[in-house]
Amino acid sequence: MTVDLYQTPLRYGGAYDELSADGVNPRPHWAHLMESLRAIGPEELGRRCTRAERRIRENGITYNIYSDPLGANRPWEIDIVPFLIAADEWRYIEQGIIQRAKLLSLILEDLYGSQSLVKSGHFPAELLYANPAFLRPMVGVRVPEHSYLHMLAVDIARSPDGQWWVLSDRTQAPSGSGYALENRTIVSDVLPNLFSSSNVLRLAPFFRAQRDALTSLAECNNPRIVLLTPGPHNETYFEHSYIARYLGFALVEGADLTVRDRCVYLKTVDGLERVDVILRRVDDSFCDPLELRSDSLLGVPGLVDAVVAGNVKVANALGSGVIETAAIMPFLPGLSRHITGESLKLPSVATWWCGQSYAYDWVIKHLDSVVLKPAFPSRGMEPVFAAKLQQSEKGKLTAQLKAFPHEYVAQEQIALSNAPVWGDGHLYSRSVVLRAYVINTGQGWTAIPGGLVRVAEAEGSVVSMQRGGHSKDAWVLWDSPVDTFSMLHPRNQPVALRRGSPDVPSSVADRVFWLGRYVERAENTARIARSIMSRVGRADPGELACLTRLHSCLRSRHSKLPKAKKRRSTPLEFENELISVISDAKRTDSLAFILSEVYRVGNSVRERLSADMMILIGQLRSTLDTERDAQIPEYPATLTLCLELLSAFSGMERENINRGLGWMFMSIGRRLERAIYLTRMLRQITLPLSEEDWPLLECLLEVGDSTMTYRTRYYTTLQPVAVLDVLMADENNPRSLDFQLAHLADIYQKLPRHMANDLEAMQGAVTMLRSFDLRTLSYSLPSDRSKAKGSEDLARLESFLGGLERLLPSWSDNLSSRYFSHARTLPISIGL
C-alpha cells in the first residue's frame, strides 16, 4: 500500500522532509512551507521553538495528564510546524462535517421527541434504552432548535490512500477549540512572515459566530451567558478559562450557580444574577445531582427543572451524549438516507456494534485486526488492541465479549497519515488526527477552518493527549481573499481604559478567603511549633507547663499529649507531638496538612494569582517533603524556611495584588485567622498566671513576632500587662489584636451588601477593646483585697476575650452565608 507522504533527507542537519506519493516532489500546497523552513534554518527554528515554549509558560497554558506528577501544572505542548490543508480538501471536509452535524442534531431531536427512528427500527432500541447517557428526564422537553448540538467536534484522520475518515464524534461537551485558538496565536507569532504570506483562513469569525449564536439563544437583550466548567482539576481547565475570557463570558463551577423558583442564578459577591444561557463543559449526567447523578459535586441542583421550565438554555443540550458512541456509526449511512435523503459525504471508519449477531461473529473471527471500545463511553473502558494482548488476556477478553456483546464496539485499525514535526534540531514524521469543530448559528452551520491537530508521542503510538501526545496548528490555505477580522484588540490602536473588575463569583471569593486563612494558619502553627521546639529539650517541669499552655493555642483535636488532669507531659512526649504537628499529613491541624490545603486552594484560583505567587505556593507545598524522617534538631531550620516563604507570600499579597474584591476577601481571611489565634494566646495571659508561668510571655511575644517591639520599649523585663499592651491594644502594631479587628471592620465596610448588624458588632468589639485601661489590671493573688478592682478588670477582660473567641467564627459563618452560599445570616453580638 502506497503512503501519501514520505520522508527524505533535507540538505541540512540530517532532517527529513515530508514528500508526495512519488517520493520526490513536495505536494503543491506544502512547497512554500518547506522552502520557508529551509530558509529559516534549523538553528533559528530551534530558537523560535524555545520562544513558543516561553509563551506557553508565560500564558500559563496547561493540560492536565492525570497520571503525570506535574498534574494541572503540566505545560501544553505544541509543534511549531503547522499542518496544512489545501482549499479544495477543506471544502470536502467542511461539507462532510456540516452534513454530519445536521444529521446528528436531527437524530437527537427524534430520540428525545417522537422516537420514530426507534419505532421504525432505523435506530436500535438497545442502543438507546441501555445507554446510561440517555437522560429520561429530558424526553419531551422543548429545546431550541440550535441548542441540541450547539457545537459538534469530529475526530478525522486520513488513511494512506488519501481518504478522510471519521474516527469519533464529541456531542455533549466538545473540548479543544480554545487550544486550537491558542495554537494559532503562538504559531502565527513565531512564524509571522510565513503566516502572512500563506493566505490562511482566520479562526476569529468562527468564535464570533459562536458568541452571536449563544446570544441569540437567550432571546433577550444583554443576556448573561456563563461557561460551566468541572473545575481546575479537569484536564482542559485552561481552555475553559481562556474561552470564557475570549468570548466575554463568566467562568463558573456548579457551586457558583443556584436554582431559585425554577430559574438559574449566578452567585456573586454583589448578589444573585439571573443566568440566561449555559455553555457547558460538564458531562451530561453530572449536571444535576437531583435529577441525574446523585453523587455529582460538579452540577447544579435543580438545573433540569429550570431547563424544563424554559428559563435557561443549555448548550449542548442535556442528553446529547447519548449519540457520543461509536456504536451508532454502522447505522449512520442508513439514517442519513432515511432522514435527509443524502449519502454521507464523510464516511466513518469501519465499525461493528457487537450487539448484532453477524457483527459479533465477524469481530470474533477478526479480533486481531480491530480495536475494541466500549459501546457506552461512560463505562470508562480504554480502547483495547487485541493483537497486542497475551493469549491468556485475549481469552479473558473473548469471554467478556461473549457474555456482554452489546457493550462492545470494534473498529478497523487504519494506518494514519503522517505530518512533519520539528524536534531535536530536525524534522521527523508522526501520525496525526484532526479534530474539527462545527457550530449551529441558528441560521446555518459554520465550521472552524482547520481545528486542533493532535500528534502521536512516538512512531506507531496511539494519538492521545492523555498519553503524552502534543498538538499542531492547522492552516487552511485559501484560494481567495480571507476575512481578517480579529476579536483581539489590534496593538496599533488605542484601547478604552478600564479599572473596574468583572463580577467575582462566590466560589472565587470563597477560595481566596480560605487561601488567606490557610496561609495565616500555617504561619501561626509554624511559629508556635518553632517556639516550643527550641525550648522543650532543656525545659524544666515549670517551663513544660508553660509550653503546654502555648500548645493549647493550637486547639488540636489530635494531640498525642496526655490530658493535663492525669499527669504532666514528658519532654519525649512533647517531641513526638511536635513532630506529628509538623509532618503528619493525616492530621487536619498539622502544618503539612495546612500547607497542602494552601496548595490545593491556591491551585484552584491560579488564573487569578501571579506566576510568582504560584511558585511560592509550590515551594511551600514541598517544604516538608524532606523532613519525614528528620530529628528534632533539624526541624527549626525547616520551620524558619517555611516562615520565610510565608512572609514572601504576605509581601506579595500586600504589594502585588490589585485592591479589588478578591484581595479584600483574602485580606479578611488573613486578619480573621490572626485575630482568632491572638485571642487564644491572649486568654492564656488573662488566666491565672504566677511568676513561674511568666516564661510563657516570652513565647507569646515570639509567636506574635513582637519581641523586638517589646524590647525597644521595656528591654528584657517581662510583665503581663506590658505584653498585653503590645499584643492586644497597640493600634500601630500590625500583629496586635486591635490592628486585626480595626482592619476587619474597615475592609468589611467596603464590601458590597455588607450587613449593618455584623459591622456594628465588629466596630463594637473594637470600641470595647479600646475601653480597657490595662494599667488597672492586677495579677496578684485574690486574697490581696487592695487589688480586688484590678482582679475584677482582669476577669472582665477574660470574659471579653472569651466572647470575642465565640464571635469571630460566627462572624465568619455569616460572611460565608452572605457572600458564598447566599443563605440567611444570623445576628451576632458581643457582650460581657
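The entries cover the cores, then the cavities.

I am working from a predicted model, where local features need pLDDT of at least 70, side-chain atom pairs count only at pLDDT 80 or more, and totals for chains, interfaces and linings use all residues. Residues are numbered from 1 along each chain as its sequence is written, and side-chain values use heavy atoms, with hydrogens and water left out.

Cores. I looked up nonpolar cores (buried Ala, Val, Leu, Ile, Met, Phe, Trp, Tyr and Cys joined through side-chain atoms within 4.5 Å; buried is under 20% relative accessible area with a 1.4 Å probe, protein chains only). The largest holds 110 residues, and Phe665, Leu737 and Leu741 have the most contacts inside it. I listed the contacts (heavy atoms within 4.5 Å) of Phe665: leaving out residues up to four places away in sequence, Phe665 touches Val269, Ala509, Val512, Phe513, Leu751, Leu815, Tyr819 and Phe820. Apart from this core lies another of 80 residues, including Leu117 and Phe331.

Cavities. I searched for cavities (sets of points on a 1 Å grid over the protein atoms alone where a 1.4 Å probe fits but cannot get out; lining residues have an atom within 4 Å of a point). I found three of 30 Å³ or more, a volume being the space filled by probe spheres set on the points, which are joined across faces, edges and corners. The largest has about 100 Å³, and its lining includes Met138, Arg142, Lys313 and Leu318.

I noted Glu520, Asn524, Arg674 and Arg735 among its lining residues.

Note on methods
Buried < 20%, exposed > 50% of the residue type's maximum accessible area, 1.4 Å probe, protein only. 1 Å grid on protein atoms, 1.4 Å probe; cavity = no way out; pocket = protein on both sides within 12 Å on 5 of 7 lines; lining within 4 Å.
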